[in-house]
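Subject: Structure handover

Hello,

Here is the structure I promised to pass on. Please open it first, then read my notes below.

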Amino acid sequence: MKKYILNRLGLSVVTMFIVATIVFFLTRILPGNVARRYLGRSATEEDLVKFNAKFGLDEPLFTQFYSWLGDLLTGDLGTSMAFNKPASELLLPAIGYSSRLALMSFLIIVPLSIAGGIVAAMYRGKLVDRILTVGGLSAAVIPEFVWAVTLILVFGVILGVLPVTAFPTRGDPTFFAQMEHLILPSTALLLVLFGYIARITRASVIEALESDYMRTAVLKGLSRRRAVVAHVLRNALLPSIAVIASQVPYLVGGLVTVEIVFNYPGFGTILRDAVGGRDYAVLQSGVMLTSLVIVLFQLAADILFAVLNPRIRSRITE
Amino acid sequence: MSTTPSLELRNLQVQYTVRGIEKDVLRGVSFSIAPGEAYGLVGESGCGKSTAAFAAMRYLPRNGKISGGQILFEGNDMTAMSADAVSNLRKSAISMVYQNPIAALNPTVRIGNQVAEVFELLGKSESDAMKHAAEALTRVQIADVDSVMRRYPHQLSGGMAQRVVIAMALATNPRLLVMDEPTTGLDATVEAEVLDLVRDLRRETGTAVLFISHNLGVIRHMCDRVGVLYAGSLVEQGTTEEIFNNPSHPYTVGLLRCIPRGGLHKNTDRLDTILGTPPALGAKFDGCVFVDRCALVEDRCHTTMPEAVQVGPQHMARCIHHDKAQSMPRAIDAVQVSVSAPANRPTTGTRLLDIDHLSKAFTQEGRTVRVVNDVSLSVGVGETLGLVGESGAGKTTIAKLILGLTGSDSGSKVVLDGKTLAATLSKRDVADVGAMQIVFQNPDQALNRRHSVTRIVSRAVQKLRGFNSNESDDRAHELLSGMRVEASLHSARPSQLSGGLKQRVAISRAFAGSPQLVVCDEPTSALDVSVQATILNLLVDLQKQDGTSFIFISHDLGVVRYISDKIAVLYLGRVVEFGDSNQVFGGPHHPYTEALLSSVPNIDGSVRKRIPLAGTVPSPSNPPAGCVLNPRCPRMAGSGVEGLCTTVEPELKEVEPGHFMRCHIPFDQLRTTQQS
Amino acid sequence: MNASTSAARTKSNAERKTIRAERLKLLRRNKAFLVGALILGFWLLIAVFGSIIAPHPYDAMDFMAVSKKPSGTYWFGTNKLGQDVYSRVLAGTQLIVWMSFTATALGTIVGGTLGLAAGYFKGWFDIILMRILEAISAIPVLIVALLAIAALDGQSSSITVGVIGFVFAPNIARTVRAAVLSEAELEYVAAARLRAERTPHILFKEILPNVLPPIIVEFTVRLGYAIFAIATLSFLGAGVEAGSPNWGSQISENWAYIFSNIWWPTLFPAAAIASLAVSVNLISDGLLEVFEV
């Protein structure tokens with residue numbers, strides 16, 4: 001088992017390395033003068049040279065890449081060119097906020113989607129099923145910002161029952177107030193992520209319901225309900241772990257737009273500004289951090305899946 | 001004795017709704033099983049036997065319903081019972097054993113817990129249930145019960161999994177046991193063990209058994225009474241003796257005739273067939289269900305359903321011509337195919353294919369797995385070599401190595417008509433590629449489902465004979481028609497054809513390049529018995545006409561015996577015996593061959609003394625030292641050569657002219673021990 | 001050639017037609033599919049004829065009618081610049097339709113080819129490809145797109161199309177690869193090798209026709225997500241020309257006015273995005289059902 005975990009860990013490292021390569025070279029495709037953009041047209045040659053030297057832009061690209069990697073591994077996230085501060089000062093609190101929103105959304109999405117999938121499977125072919133499946137998948141293709149704007153319009157403006165910013169602006173907010181503000185943003189994310197997870201869960205529940213071992217359980221004398229609980233669920237929910245892990249990148253992507261709409265000081269707003277301003281350090285380090293979180297998440301999901309799935313677990317431990 | 005039967009089906013009618021249309025699956029089936037009796041239900045695919053089995057458990061799929069009749073268990077009508085009552089019956093009174101035992105077990109629950117669940121349902125505590133579970137598993141002769149209880153289903157072999165399922169079924173001492181094709185898919189020797197186990201347990205418990213199978217030999221071996229099912233209708237029923245010795249329905253007669261039984265050989269006898277194919281599920285009939293295929297059919301048969309006629313004590317046949325059934329004309333089809341073999345074919349008898357030291361090993365997690373180990377064989381012109389062996393023997397791998405689909409290890413040599421062939425297909429000439437072809441087991445996967453039948457064959461002709469596309473098309477039509485594929489079907493896609501027709505297309509394709517040798521890898525295993533005979537006849541005809549050689553791989557020893565001139569018996573990637581058909585089947589045998597032959601239940605009812613093989617097949621990555629059979633060999637003990645058997649691997653040596661064996665025990669000693 | 005062979009040859013392609021006819025029948029019975037097809041058809045018409053039927057040019061500003069509610073002259077009302085929202089929505093259709101189709105087509109061709117090669121040849125190419133795929137999947141699509149568009153200094157829709165196409169290629173490659181892996185195991189492929197067929201023939205004439213159904217379904221699924229991504233990117237201001245009437249920008253320019261109860265310049269483009277995306281999704285669902293059978 002330990003060997004398996006180490007193996008997967010190694011693969012994750014390789015993945016992160018490839019991510020780093022993509023991120024770095026993607027941000028540097030553009031030729032042209034970053035220094036000039038920041039210092040303005042009136043800057044002298046000397047100013048440009050100093051700027052480049054300060055941010056290490058005058059060295060060959062590969063050298064910049066390796067020194068950047070080295071910095072990252074030692075925890076140095078670089079310096080923001082736009083704000084002339086360490087990037088970590090901008091990124092870390094932002095990621096903290098984003099995590100809060102992500103966590104809340106996650107805690108709502110996972111149980112709801114799985115429950116939705118199970119219900120759709122149990123009432124297969126009936127109206128409930130059609131609504132959940134078709135409705136869920138239709139909702140999933142509508143961009144988060146459309147949902148966000150619509151939710152704000154309906155619940156914030158017309159009905160006026162929920163706050164329209166994700167962060168309470170007045171005074172020292174209570175925990176409850178903070179949560180209240182996160183409801184609409186989380187809902188926007190939920191609407192987009194529900195459909196796919198529910199559909200895969202539904203498919204695996206149906207597969208389990210129609211399996212030979214389910215038939216054996218019923219023919220042993222178990223009542224249908226007991227057979228479902230004792231035999232179906234544990235088989236059907238295993239694939240859900242993999243699906244949920246695969247949706248984490250989409251959750252993060254959705255976070256970006258939702259934060260912008262709801263004016264939340266999270267990673268999304270930072271990213272938008274950094275893209276516009278070509279703030280390399282913030283961009284690169286920010287994307288690396290989020291990718292790291294995603295990769296770690298998927299690693300955990302893989303290991304969990306291997307532990308819970310007897311077929312894989314036995315093969316590893318033999 | 002008028003005791004209440006354990007199970008009684010009274011005029012049971014079951015329908016399935018497929019895409020909105022209701023199809024009749026069981027048409028008024030009636031039979032009863034007395035307490036303690038074993039009743040066999042036999043029939044081909046689509047006849048409804050599995051449906052009958054599940055109906056006896058009062059279980060139907062989502063789209064199935066009982067449209068008429070009753071199912072009585074010990075006199076009580078199950079169709080009128082509540083779901084709870086039925087559940088209760090299943091807990092202790094009726095149990096089932098399934099066709100695919102590994103799939104029938106929950107992959108994420110340990111074996112011990114699954115078996116214990118049966119007892120928990122009866123109210124036992126968890127720890128009591130586990131104890132009972134261990135007892136139940138011991139009862140089915142599983143060694144090392146504790147280890148098995150901790151395992152998961154995917155860690156069991158098919159035979160072991162079936163024992164577990166049987167243990168679960170018999171755990172509560174049910175009064176009725178339903179077995180749905182319980183040994184189909186298991187190796188011959190494993191099948192024999194499982195069947196013996198069932199017979200022993202039946203004797204112990206006195207359970208009534210409903211035994212479903214398509215295998216007449218197994219049915220004869222296991223059952224007291226038999227019912228023959230065709231297209232959802234019970235066409236004949238009687239005691240086993242009566243049915244096999246005095247069949248009275250044209251279908252039963254035809255079925256018994258077309259099975260290649262011991263003693264028949266392609267050189268002297270042609271197999272009987274039943275013309276036509278089994279009807280599609282739920283086809284509509286006004287009269288007798290067998291009209292489309294019956295040799296005795298007349299006008300009356302089309303319009304009125306025949307009544308069940310008593311033809312003897314406890315013997316019923318649903319036919320107006322029951323008295324003429326056994327003398328009905330034989331339906332032997334003739335073939336008119338001209339493969340137009342090139343004139344310069346070598347004469348029959350000379351060696352066509354020589355295989356020397358064929359080996360294939362690959363590394364898996366650091367260990368070497370020898371799938372095929374030093375196999376040397378030969379095939380003559382116009383001759384059929386039968387390859388026999390159970391799973392893990394390497395038969396299919398050998399076929400792939402010969403054809404070049406898989407590259408063989410160095411030292412292997414394949415010589416066709418005097419020419420040494422390259423190890424991999426891509427390095428061989430087109431002429432050599434066309435000279436050796438294959439017919440696969442599963443025609444659904446062997447034919448490209450997006451291509452029309454014509455295209456499939458025509459393309460082969462084009463590439464292997466070098467014709468242009470028009471000429472190839474014409475030749476394709478010729479070949480197909482010759483193999484009895486009607487012209488109207490030539491533009492169809494494979495999915496629109498029946499299994500037998502698909503296989504004919506596959507055979508047409510194989511013969512497109514006028515091959516000298518065709519490998520047949522279980523070509524009839526996926527087909528019904530009645531269809532199998534036509535395909536075998538076709539292959540025999542092709543051989544007679546063109547002198548084509550075959551390498552025939554099959555697990556069905558009866559078929560292999562019928563069609564082969566020479567036979568090679570394989571075990572764990574090695575040839576353990578090789579010789580003429582009569583030498584190998586007649587004996588003296590290699591101990592493995594002996595065990596294999598003794599495990600096949602005979603259709604003629606003769607009881608063969610069974611030579612069991614201890615243990616299970618070893619893994620090819622970790623073969624036993626010395627002779628690979630030694631841990632299981634039934635003739636090793638007391639042979640005097642045990643020391644050799646456990647240390648030195650025997651060579652394949654000629655024990656009599658043309659007959660080779662890989663065994664330390666002297667030939668004459670085998671002869672004497674096997675004769676006793 | 002004799003009579004029977006010519007009869008067989010000229011025998012109608014009826015058989016081939018029946019499979020297609022059965023599939024079409026199943027589709028026609030699927031109500032969701034029909035709704036989707038209807039809506040998409042509507043938008044396709046608008047994409048072609050939108051500029052012709054628009055009552056006002058999309059950038060014409062009427063300073064007398066700023067932020068006016070929907071009325072007889074301005075069906076969807078006007079925005080803060082006095083522009084007719086209705087005409088702007090119509091004008092934006094063409095842009096998003098061609099962008100999403102092209103991007104998806106690009107991704108399918110690139111991804112499909114990669115997937116075919118990886119699934120058939122396996123070996124090192126496959127291993128490396130899968131590693132790269134996994135890495136790309138670890139970065140959210142949106143972020144990669146943003147980075148790439150920013151890097152290319154993208155204010156043009158063509159760049160956006162290219163970026164999205166390439167970002168989609170990995171996932172499409174994965175689906176195609178999986179399908180090819182299982183097809184290549186089937187015996188008809190071995191049979192093709194046994195008639196000395198060369199690799200291009202096997203890939204394109206034997207395997208591809210069988211893998212086409214999943215590819216088609218994947219195309220329609222990705223199309224929905226392309227619409228999703230393009231709308232989001234234009235909302236965020238990436239990859240769009242200033243002043244272009246694309247739906248995403250319309251929302252980003254106007255949504256703050258919701259709080260002043262000026263909902264119409266936001267709601268109508270939003271509904272347009274939603275209906276287009278959902279219609280494509282319904283179609284892909286219907287196709288999935290049909291091809292699964």
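First, a term. A residue is buried if 20 or more other C-beta atoms lie within 10 Å of its own. Also keep in mind that this is a predicted model.

Start with helix 10 of chain B, residues 250-257. This helix is mostly covered. Of its 8 residues, 7 are buried. They are B:Pro250, B:Tyr251, B:Thr252, B:Val253, B:Gly254, B:Leu255 and B:Arg257. What covers them? The cover includes two strands of chain B, strand 9 (225-230) and strand 10 (233-239). It also includes helix 9 (240-245) and helix 18 (529-546) of chain B.

Next, the contact between chains B and C. Chain B brings 31 residues to it, and chain C brings 24 residues. On the chain B side, several elements each supply at least two residues: helix 13 (430-435), strand 18 (436-439), helix 14 (443-446), helix 15 (453-465) and helix 16 (469-482). Helix 16 gives the most, with 5 residues. By type, the side of chain B that touches chain C divides into 13 nonpolar, 10 polar and 8 charged residues.

Last, chain A. Its secondary structure comes to 13 helices and 0 strands. The C-alpha trace of chain A spans about 85 × 60 × 35 Å along its principal axes. Chain A has 318 residues, and 41% of them count as buried. Take the contacts in chain A between residues at least 6 apart in sequence: 71% of these join residues at least 24 apart.

Best wishes

Technical notes: Residues numbered from 1 in each chain as written. Chains lettered and ligands numbered in written order. Predicted model: local features only at pLDDT ≥ 70, side-chain atom pairs only at ≥ 80, totals over all residues. Contact = placed C-beta atoms within 7 Å. Helix = DSSP H or I, 4+ residues; strand = E, 2+ residues; numbered from the N terminus. Nonpolar A, V, L, I, M, F, W, Y, C, P; charged D, E, K, R; others polar. Buried ≥ 20, exposed ≤ 12 C-beta atoms within 10 Å, placed from the backbone.
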